[in-house]
Amino acid sequence: MLTERPRPAVIRDHRHAGWLAVATVCFGAFMGQLDASIVTLTFPALQHEFHAPLAAVQWVSLSYLLTLVGLMVAVGRIADAAGRKAVYLYGFAVFTAASAACALVPNLGWLVVARVAQALGAAMLQANSVALVVTSVPRRSMRSALGVQAAAQALGLALGPAVGGLLVASAGWRWVFWVNVPVGAVALVAGRYLLPRTREHSVLGRFDWPGLVLLGVATTALLLALSGVSGLPMPGWAALALLVASVAAATAFAVRERRCANPLIDVSLLRGRPGSSRTVSVGLAGALGAYLVLFGPLTLFPQVFAGASGGLVITALPAGFAVAAVLVNQVMPARWGTRVRCLAGGVAFVAGAGALLAAPASHAWVAGWLAVMGLGLGVFIPANNTAIMAAVPTRMAATGGGLVNMGRGLGTALGVTAVTLSLHFAGGAAAAGAARPALAALAVLALATGLTVLAMPARAARPQSDRRT
């Protein structure tokens, strides 16, 4: 079942074969981010239809994100050994079928279950997306290819709020999930004919099931504890017990990964090679923070600006991201390396996050500074991902991509949770006064993310292999 079929000779031998593969991966990038940004727009409608608080409805996103975080690296390791193309295509099939199931559910509980199934497919997609990009084009084109993928993600994010706001207001929240079905069908066909087979495999060895369980317990218990103090009905002692369980599981996971012969997360990747020892670990911290800053406003402003107008306002954030991701290589001097690009992007999104505190209820002010934040993130994220993947051996490309996407998923989950927590302590009102504490928290977290650049080595890691598939 995991045998990868070759591309037709006319595709394989085409001089742009690598870029055709990148374009195919962009289907998954677009689809995943369209879904992620649309779902936050459904929160008010789900609260109304199911008579549930925001702390409960947010699990429509959190269940998805937690499944991604728990499975991303594991799926990446399996794909490196079994074949990235096969796992990617099966992921599309699962994601598309689960999207249809989400549109048909009768209640909030079943929607959360369907979202977990959807996240399983998304993990199979996202763990392989970065790997398929970097193994399909020459190393000299890697930053440009990752920028194109980031632009596809940004296009999905940009269309999500506008399309989602209109869909929820006119056709209802279920159509937010139906839109994934035709995109998935097209992507399955394109992937079959345009994606290359995996030529360089890693050895899977004995799978680290205890590590997978410990990682899942640590992340799930942490976010459940935060939901418990954000308004989800739960005794105080239960929230405290979950927090303790999260810390204990995270500690046990770290100890196991250092001692395990075949760890879920290869600690050597985080330590890096001589001369680039901090690149992967610092880059992952930057990826987590950047997506927290990206998805925090996408959760907050639908609560502040109701209806389709809210969707149009927050479109400015991913639209700025898309513009930067597409044009950064044409606008920025070629001599600017990865670290300088990360620094320039960090300055922009930190400034935007701080400026939003001044007038969080003004449509024009919010849209303008969200665009600035998007521009900064659109510069920072592709450069940061390039630094990480350049420090990862080609044979472990999907594992490295899984780490990047695990950081992205955890950052997204924490962005949703941080906003929910801030709104709860501000009284839960969807108004400017309630938005300011959440925006203050986002500004602090944006600054912390920007400061990760200072810990990045002055020179990005050189690729360990230039072997292409």
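Predicted model: local features only at pLDDT ≥ 70, side-chain atom pairs only at ≥ 80, totals over all residues.
Trainee: Is Leu327 buried or partly exposed, and what is its relative accessible area?

Mentor: Leu327 is found in helix H16. Buried means under 20% relative accessible area and exposed means over 50%, with partly exposed in between. Leu327 is therefore partly exposed, at a relative accessible area of 40%.

Trainee: How many residues apart in sequence are the parts tied together by Glu49 and Arg174?

Mentor: The structure holds one salt bridge. Glu49 forms a salt bridge with Arg174, and their closest N and O atoms are 3.7 Å apart. Glu49 belongs to helix H3 (residues 43-50), while Arg174 sits in the loop between helix H8 (142-170) and helix H9 (175-178), so the parts they tie together are separated in sequence by 125 residues.

Trainee: Where does helix H5 bend?

Mentor: Helix H5 (residues 59-82) has 24 residues and reaches 32 Å from its first C-alpha to its last, close to the 34 Å expected. Because 20 of its 24 residues are buried, H5 is largely enclosed by the rest of the structure. The bend, of about 40 degrees, is at Leu71.

Trainee: Why is the pair of Phe50 and Trp173 given its particular class, and what is that class?

Mentor: The count of aromatic pairs comes to six. For ring planes, an angle over 60 degrees counts as edge-to-face. The rings of Phe50 and Trp173 have centres 5.9 Å apart and planes at 65 degrees, so the class is edge-to-face.

Trainee: Which residue do ring pairs link with Phe50 and Trp173 into a cluster?

Mentor: Phe50 lies in helix H3 and Trp173 in the loop between H8 and H9, so this pair ties together parts that are 123 residues apart in sequence. Both Phe50 and Trp173 are buried. The cluster also includes Phe177.

Trainee: What is the angle between the ring planes of Tyr88 and Phe92?

Mentor: Tyr88 and Phe92 are four residues apart in helix H6 (residues 84-104), so about one helical turn separates them. Tyr88 is buried at a relative accessible area of 1%, and Phe92 is buried at 0%. Their rings form an edge-to-face pair, 5.5 Å centre to centre, with an angle between the planes of 85 degrees.

Methods. Residues numbered from 1 in each chain as written. Heavy atoms only, no water. Helix = DSSP H or I, 4+ residues; strand = E, 2+ residues; numbered from the N terminus. Buried < 20%, exposed > 50% of the residue type's maximum accessible area, 1.4 Å probe, protein only. Salt bridge = Lys/Arg side-chain N within 4 Å of Asp/Glu carboxyl O. Expected span 1.5 Å × (residues − 1). Bend = angle between axes of the 7 residues up to and from the residue. Phe/Tyr/Trp six-rings, centres within 6.5 Å; stacked < 30°, edge-to-face > 60°.
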